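Keep the structure open as you read.

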Amino acid sequence: MSGFPAPSASWHFPEPGLPVFMAEAVFEHRLSEPADFAAAGIPMPEDLAEAVPMRRAAHLAGRICAREALRAAGAAEHMVGRDRSGAPIWPAGYLGSITHAGQLAAAAVIRADACRGLGLDYEICMTGEVAEEISDLVLRPADRKGIAALAGVSFEEGATLVFSLKESLYKAIAPSLGTFTGFEDAELASIGDGRARLRLVRRLSDALPDGTEVDCVYALTGGAVRTLAVLA
């Protein structure tokens, strides 16, 4: 697959204590045509036919990463499906998550008997202006206190980090949700040294009562924020 993103098994996070398999790749926006999907052996969804090239390229790169992560997890013969909303459908016995940011794509996979949910999110660090604009929507008082205590982390980096952690959290808990949820429904319980814990501040379902805590890991490198959430 000359010219296609070559997923690597690089690991940016502290060890989460569970067998999570990841693949990451840098992709090119030009690799977005139906022929590119066919050459990669990845079906192009009909609703992406008229999408901008960047979106199609991100989808293709993400699915290539997902295939590589599944292969590493022992499910090389399986592919990731797609539901009507565009969300991935993972093979029976596996949980996973796909993300894109800038020209980065990545996927994470874990066996379904290891945890209840897995969420992966990448973000390009926000500008100071954007961080200020979204801060009231995303940051609770505990979040502001947590990121203020992180040495060497700017406000915009901290705001992006909390945004990404909550995006990963949402992906991890989505299968267990019983109601709509927003950024205000979780807050930092702890953060530092590449590890964070988010706490739900209201009941979201029988499986997600008020006070539920979710472990996360994170990395801030090269202007990118990477986060991974695991719902035990």
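Which residue in E5 is the bridge partner of alanine 101? The partner is leucine 104. Before we go on, please note that this is a predicted model, in which local features need pLDDT of at least 70 and side-chain atom pairs count only at pLDDT 80 or more, while totals for chains, interfaces and linings use all residues. Residues are numbered from 1 along each chain as its sequence is written, and side-chain values use heavy atoms, leaving out hydrogens and water.

Strand E4 (94–101) and strand E5 (residues 104–111) pair in the antiparallel sense over 8 bridges. Strands here are DSSP runs of E with at least two residues, helices are runs of H or I with at least four, and both are numbered from the N terminus. Two strands pair if DSSP finds at least two bridges between them. The open sheet has 3 strands in the order E1-E5-E4, with antiparallel pairing. At its edges are strand E1 (21–26) and E4, each pairing on one side only. Neighbouring strands are turned by 10° against each other on average, direction ignored. Helix H2 (residues 53–72) lies across E1, E4 and E5, running at about 30° to E5.

## The five-stranded sheet

A second open sheet has 5 strands in the order E6-E10-E9-E8-E7, again with antiparallel pairing. Strand E6 (117–124) and E7 stand at the edges with a single partner strand each, so one side of each has no neighbour in the sheet. From one strand to the next, the twist averages 20°. E7 and E8 pair over 6 bridges in the antiparallel sense, and leucine 188 has leucine 198 in E8 as its bridge partner.

Helix H5 packs on this sheet, touching E6, E7, E8, strand E9 (213–221) and strand E10 (224–231). The direction of H5 makes about 150° with that of E6. Angles run from 0 to 180 degrees between N-to-C directions, with axes fitted to C-alpha atoms, for helices over the stretch in contact.

## A loop residue to look at

Aspartate 193 is found in the loop between strand E7 (186–192) and strand E8 (195–200). Its phi is near 55°, a positive value in a residue other than glycine. Most residues other than glycine have a negative phi. Aspartate 193 is also exposed (over 50% relative accessible area, with a 1.4 Å probe and protein chains only), at a value of 78%.

## Two helices against H5

Helix H3 (residues 128–138) packs on H5 (residues 155–173) at an angle of about 45°, with the axes 9 Å apart. The two are therefore oblique, the class left after angles under 35 degrees (roughly parallel), over 145 (roughly antiparallel) and 65 to 115 (roughly perpendicular).

Asp143, Arg144 and Ile147 in H4 meet Phe155, Gly158, Ala159, Val162 and Lys166 in H5. The contact of H4 with H5 has 4 nonpolar, 1 polar and 3 charged residues. In this scheme, Ala, Val, Leu, Ile, Met, Phe, Trp, Tyr, Cys and Pro count as nonpolar, Asp, Glu, Lys and Arg as charged, and the others, Gly among them, as polar.

Key:
Contact means heavy atoms within 4.5 Å. Buried means under 20% relative accessible area, exposed over 50%, partly exposed in between (1.4 Å probe, protein chains only).
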